[in-house]
Amino acid sequence: MMDNIIKRLIGENTTCDFKEFLERKQFKSWLKSVSAFANGLGGSLFFGVNDDGEVVGLNNIKSDTEFISDKVKTIIDPIPDFELKIFQTEDGKNILELRVLSGSMTPYYFVNSGSRIAFVRMGDESVVANAHQLSGLVLKGRNVTYDSLSTEYTLKEMSFDVLAKAYEKQTGSPFQEKLLRSFSLITDKGFLTNAGVLFSDQCPYRHSSLYCTRWTGIHKDDAKDSREYQGNLLSLLDAGEQFVDLHNLKGWIKLPNRRLNTPDYSRRAVFEALVNAFIHRDYSELGSEVHIDIYDDRLVIYSPGGMFDGTLIQDRDLDDVSSKRRNPILADVFAQLDFMEKRGSGLRKIYNETAKLPGFTEAKEPRFRSQTTSFYTELLNNNYRSQTNDPVNDPVNDPVNDPVKSFTLLQKDLISLLKETPTITRPELCERLNVSLATIRRAIAQLKELNIIERIGSDKTGYWKVKSGVDKLIKGR
């Protein structure tokens, strides 16, 4: 049974390893984890604890502490930041924690007998870094990102008409050549950075590609439509949007007096997901590309490269995802075009935009998952009906298509406030619900379209009327 002290210590660590005893001859068995922790998010090694988390204790804690400190300092290069702590259980057993901090001088190598090896974490193991991972560690140690690296291409060889057109459309201001330098797309010596090449009209990078497929059914069997695109990021973004638009069919929801058409996917959510894929992907991984796979029941966007901080998105709270960026220059340009926000809220926005679809339920929430070298965004088809023989657009006996049963939390709270205080103003709603005026207006428009609420009288002297019966559901939720 795991000791309470170990439970507490594990709870304070994102990554940890257990060692029943200190291996003095085969010290690589635990020093490889020191290298991996320093190259990643940091972590702890607990000596005197077996694989089951049971405390067995160490007999010579002082000697073990000195040995560990000496080996870390002489075998790991450069020396990582670390600390050693001794804990004692209630029954007097000693535990030694070697806590290794995430390093900024990567790669941290294990150096011994002529070998020089960098390790990284893969799940709960420390493994030898491959060439691609080692390259990323080198860039991190130099405080350099892939998109900032200079290339041999010059401004004379490339044009930026697509970027200029997008900039003028989005900002209303003329695009000037000096912006290329302020955006860090060219260096002071006139050479394009990798970011500059990726935004150029002629972009020659083969890995700047997008593969789009509409599959038959819910598996990768036969393809109804398959297309490949290569070029600059803005062209790929546009191509991806058009491909999804082509296959974004319409279902409908039965309302009291009419039918309301609803798309399979939120167009804005798809846009946000594509922007996220192009900005945060790992461009140093040659031979890879962004994929859009559309099935009957879902749309999946894949991009090379996991979370930049090494965590798994499925283990994170969407409201607490760090804004660390693998490609800060690409992100800044997209932010200048108002295609994204700088504060790292893209995943939450994908969720919020999807939730605006009529008939949305929690069962249709977007899903995000990542691995060390990949990131997936999965949007569920809002009109797909699983385990039923009803056609996709048949709303009969389907709770998903019952507008009263499918309100979002914001809509429920809004209805409650309108019922309680019919004369409440929109600014007052913003304050009570802690959302923007634009969000309130969209929510009200949706409820009006569903014939759930209506405005009686003028904006100044009128009041809100909620559809009869709806308030009972809200109070009983």
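Glu289 sits in the loop between α9 (267–280) and β15. Helices (H or I, at least four residues) and strands (E, at least two) are DSSP runs, numbered from the N terminus. This is a predicted model: local features need pLDDT of at least 70, side-chain atom pairs count only at pLDDT 80 or more, and totals for chains, interfaces and linings use all residues. Residues are numbered from 1 along each chain as its sequence is written, and side-chain values use heavy atoms, with hydrogens and water left out.

**Glu289**

- Glu289 is buried, with a relative accessible area of 15%. Buried means under 20% relative accessible area, exposed over 50%, partly exposed in between (1.4 Å probe, protein chains only).
- Leaving aside neighbours within four places in sequence, Glu289 is in contact with His207, Ser209, Tyr211, Arg281, Tyr302 and Pro304. Contact means heavy atoms within 4.5 Å.
- Phe278 is eleven residues from Glu289 along the chain, and their C-alpha atoms are separated by 9.4 Å.

**The six-stranded sheet**

- An open sheet with mixed pairing has six strands in the order β12-β11-β15-β16-β18-β17. Two strands pair if DSSP finds at least two bridges between them.
- β12 (223–230) and β17 (367–371) are the edge strands, each pairing on one side only.
- Neighbouring strands of this sheet are turned by 10° against each other on average, direction ignored. Axes are lines fitted to C-alpha atoms, for helices over the stretch in contact, and angles run from 0 to 180 degrees between N-to-C directions.
- β11 (residues 209–215) pairs with β15 (residues 290–294) in the parallel sense, over five bridges. Thr213 stands opposite Asp293 in β15.
- Helix α8 (residues 233–247) packs on the sheet and touches β11, β12, β15 and β16 (298–304). The direction of α8 makes about 170° with that of β12.
- Helix α11 (residues 346–355) lies across β17 and β18 (374–380). α11 runs at about 10° to β18.

**The four-stranded sheet**

- Four strands form an open sheet in the order β3-β6-β7-β8, with antiparallel pairing. β3 (76–77) and β8 (125–128) stand at the edges with a single partner strand each, so one side of each has no neighbour in the sheet.
- β3 and β6 (residues 109–112) run antiparallel and are joined by two bridges. Asp77 stands opposite Tyr109 in β6.
- β6 and β7 also run antiparallel, joined by four bridges. Val111 has Arg116 in β7 as its bridge partner.
- The hairpin of β6 and β7 has two residues between the strands, and Ser113 there takes a positive phi near 55°.
- Helix α2 (residues 28–39) lies across β3, β6, β7 (115–122) and β8, at about 70° to β7.

**The cavity**

- A search of the whole structure finds one cavity of 30 Å³ or more. On a 1 Å grid over the protein atoms alone, a cavity is a set of points where a 1.4 Å probe fits but cannot get out; lining residues have an atom within 4 Å of a point.
- The largest cavity has a volume of about 50 Å³. Grid points are joined across faces, edges and corners, and a volume is the space filled by probe spheres set on the points.
- The lining includes Asp264, Tyr265, Ser266, Thr354, Lys364 and Leu380.
- By class, this lining has six nonpolar, two polar and two charged residues. Ala, Val, Leu, Ile, Met, Phe, Trp, Tyr, Cys and Pro count as nonpolar, Asp, Glu, Lys and Arg as charged, and the others, Gly among them, as polar.

Notes
1 Å grid on protein atoms, 1.4 Å probe; cavity = no way out; pocket = protein on both sides within 12 Å on 5 of 7 lines; lining within 4 Å.
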